[in-house]
Amino acid sequence: MLKAMRMTPAVAQESSRPAPAAPAPPSRRRLVAKSCGAETWHQPRQKADVNRAPLPKSHAPAPAAAPAPAPAPILQMPTVLLSELLSYLDASVLAKLRQCNRKLRQLVPEAAATLMLDLPLLKSPPALPALLSGFTALRTVNFSGCKDIQPNDWQTLQRATRSGRESSLRHLQLRGVGVRMDRFLHGERDPQAVLSTMFMNLKTLVLTGVLMLDAEQIKVLLASADLEEVTLDGLRMSGDGTFYSEAVQPLVNLRALHLPNAAGLPKLELRNTKLEILELRGCASLAETSLDLPSLLCLDLSYTAVSGEAVEEAITSCANLRSLFIQGCNRIEAVCVMSPSLTVVDASTCSSMRRFRVVGEQVHLLQLDLCVALEGLILDVPAVRKLDLSMLPMNQLHIKARKLKKLNLNGCSLLRDVQADCPRLQCLFAACSPAPVEVFGLQSNVVQWKRS
């Protein structure tokens, strides 16, 4: 055993030598692409491992994306295209771009010709003189909700909307500004001339409870013959309101006139051949109307002091009327709505109305909610498909509706006299109603009416 453990000198010398190092990995070969002169590195191809499972398709390496083209400098674009792009930017952005380059400084005033200055959209709007410095020919201006307008801002706006000797302003909105016109025109020698010059080409004017104007200022604001839409909301005026008629009469292109919540307007006279929308909602003192509007499509007399006779006269004078709104007219006791062109009639919350009659071949929507004094209802509405008369205290109902499919009489606890001509009626709700459902001619083999 000792002999086996004893080593010869040759064997001991070999054992004392260090173990040979592991073979080094194959070195990378550097290849130079002769075609383009670019240097690339390639790993030597290795043998595929047959025991290795193939990668699923979802983990397959994505193909190399094509190199993105170099961006073209924006200032090298054609001037016409660059001006068109600038016209879609905000006023504050254009003010910053104007300070970047001489070419942009020249193009910004041209782009501002179609610019909409909408200060409510700016989180921290700068001072108006700094914002509009260098701008000319502004067309659309929106000062809605701005509380920090200074008196000299009016003169700044006048300079920014000047195109030669005329004004370029086409659309002006002043909503909730909460200032007076005399503050804007403070220091002007001829305030009326300033207004007439600035608003001479207006197409849209919106003033909502923001300015205390007199009759002369109203006439100047409405002096543009191109006006198509006018909104005067909440103006506090004195007098009999005849200045509205005098100011609106020359507006031959006017399409929409909104006078909601106007105080001091007991009577309104209008003659216009192109007016399509007239809104008088909330004019609490309005009791008389004299209208000659052959093109009128929508009339809103809600929450006014008009009577049933005034409503009937208005319908007669508007031959093409499509929509009629008389919500909350508490002076109406009885009214007859007859028009071959009407499609929508809303008489909700008329608390004093006792008799109501509607005759219209095209009426498809009728609202009578919360008419708490209604006693008799006569309807001749062939186009109505659904009708809700629930909770009405009426005792008489005469209805003729050839296309009516669903009728709700729930809660009509006083209804006794019913005459109906509804051949297509499919569903009738008459809970807590003593109405004789037999007059509707519903078939007995189908559950088409419900009473509890």
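In what order do the five strands of the open sheet stand? The order is S16-S18-S20-S22-S24, as the legends below show for this predicted model. Residues are numbered from 1 along each chain as its sequence is written. The model is predicted, so local features need pLDDT of at least 70 and side-chain atom pairs pLDDT 80 or more, while totals for chains, interfaces and linings use all residues; side-chain values use heavy atoms, without hydrogens and water.

**View 1. The open sheet has parallel pairing.** Strands are DSSP runs of E, at least two residues long, numbered from the N terminus, and two of them pair if DSSP finds at least two bridges between them. S16 (334-338) and S24 (417-421) are the edge strands; each has a single partner strand, so one side of each lacks a neighbour in the sheet.

**View 2. Strands S18 (355-359) and S20 (376-380) pair in the parallel sense.** Five bridges link the two strands. Arginine 355 lies opposite glycine 376 of S20.

**View 3. Histidine 398 sits in strand S22 (396-400).** Histidine 398 counts as buried because its relative accessibility is 18%; buried means under 20% relative accessible area, exposed over 50%, and partly exposed in between (1.4 Å probe, protein chains only). Beyond neighbours within four places in sequence, histidine 398 is in contact (heavy atoms within 4.5 Å) with Leu377, Ile378, Leu379, Asp417 and Gln419.

**View 4. Cysteine 371 is in no disulfide.** A disulfide is a pair of cysteine sulfur atoms within 2.5 Å, and the count by this rule is zero. The nearest cysteine sulfur to that of cysteine 371 belongs to cysteine 350, 5.3 Å away. Cysteine 371 is buried, at 1% relative accessible area, whereas cysteine 298 is partly exposed, at 22%.

Key. Helices (H or I, at least four residues) and strands (E, at least two) are DSSP runs, numbered from the N terminus.
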